[in-house]
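Trainee: Please take one part of this structure and go through it closely. I would like to know what surrounds it and how its neighbours are arranged.

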Amino acid sequence: MAEHYLLNPDPEDLALSVAQRALLEARSQQTMRAGSVYIPNGDGTGTMIGPLAGGQGMADWVGDTTVPPRPTGLSATSTMGIVAVSWDGSLEEETPPDFDCIEIRITLPDSTVQALGRMSAAGELASGSLTPGQKVTVTARSYDRAHASDGSPAPNVSADSDPISVTVTSVIDDEEFDRINQELQDALDQMDDLSKTVTSIDGKTTVSGNAPTTQDAKGRPEGAMWTQIDSTGKVLGMWVLRDG
């Protein structure tokens, strides 16, 4: 019967081969990165720990493809040329354990979308200055903390919340403007010296020959107006004062 060396190695050669391979394996482990561990969560997702989790060392909700519930409990108002959006922290369904945050978005009349910001809990966000009179639409969407198999963020995103339509109000509406004008005229009628400073009883309207200082704003009601005039009664400037 023919004898094949590879199938029937000499016992001494076999021992030497095994030893050499063990040595090579040991040497290779000296420079190899530590292994990664994947821990199943029992719901089809898992947690990756180690190099494969990316720079953070651990990535949770790996493989999660479940979209989070839409945000609810949103409200929006406009004042002084901005839009303020409040959220009570609620979602359309029970908040999932991997919930991360919601993102508030404002859509302008020309369909331009502005991201107002993100919140992970109840709170309020305000926009920058917007054009008075234009109608904008406020929506929000939810994000979770899902990761891809390589540890990179791969959040699932909900559908948009029910839209809220808001009309951007001006710094002063027509009714308020008429009130200020009347109080300004009343203050002028009372002034025997246009270099003096006269303030209405409710503190909302002040006429002065000087511009306001930081100290002048102390104790003023919200939206108080300060008007500076010259010696002839000509208006030189108007300010909206806020306490603090």
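Mentor: A residue is called buried when its relative accessible area is under 20%, exposed when it is over 50%, and partly exposed in between, using a 1.4 Å probe and protein chains only. Gln 228 has 16% relative accessibility, so Gln 228 counts as buried. This is a predicted model, in which local features need pLDDT of at least 70 and side-chain atom pairs count only at pLDDT 80 or more, while totals for chains, interfaces and linings use all residues. Residues are numbered from 1 along each chain as its sequence is written, and side-chain values use heavy atoms, with hydrogens and water left out.

Gln 228 sits in strand E13, residues 224-229; helices (H or I, at least four residues) and strands (E, at least two) are DSSP runs numbered from the N terminus. A polar atom of the Gln 228 side chain is 3.4 Å from the backbone oxygen of Gly 209. That is a polar contact: a pair of N or O atoms within 3.5 Å, where within protein one must be able to donate a hydrogen and the other to accept it, and residues adjacent in sequence count only if both atoms are side-chain atoms. Leaving aside residues up to four places away in sequence, Gln 228 touches, among others, Ser 208, Asn 210, Val 235 and Trp 239, where contact means heavy atoms within 4.5 Å.

Seven of the nine residues in E6 are buried. E6 and E9 pair antiparallel over eight bridges, pairing requiring at least two DSSP bridges between strands. Ile 104 stands opposite Ala 140 in E9. Six bridges join E6 to E7, also antiparallel, with Arg 105 opposite Ala 115. E6 and E7 form a hairpin with five residues between them, and Ser 111 in the turn has a positive phi of about 75 degrees.

E4 and E5 belong to an open three-stranded sheet of order E4-E5-E8 with antiparallel pairing. E4 and E8 (123-126) are at the edges with a single partner strand each, so one side of each lacks a neighbour in the sheet. E4 and E5 share six bridges, and Ser 78 has Val 83 as its bridge partner in E5.
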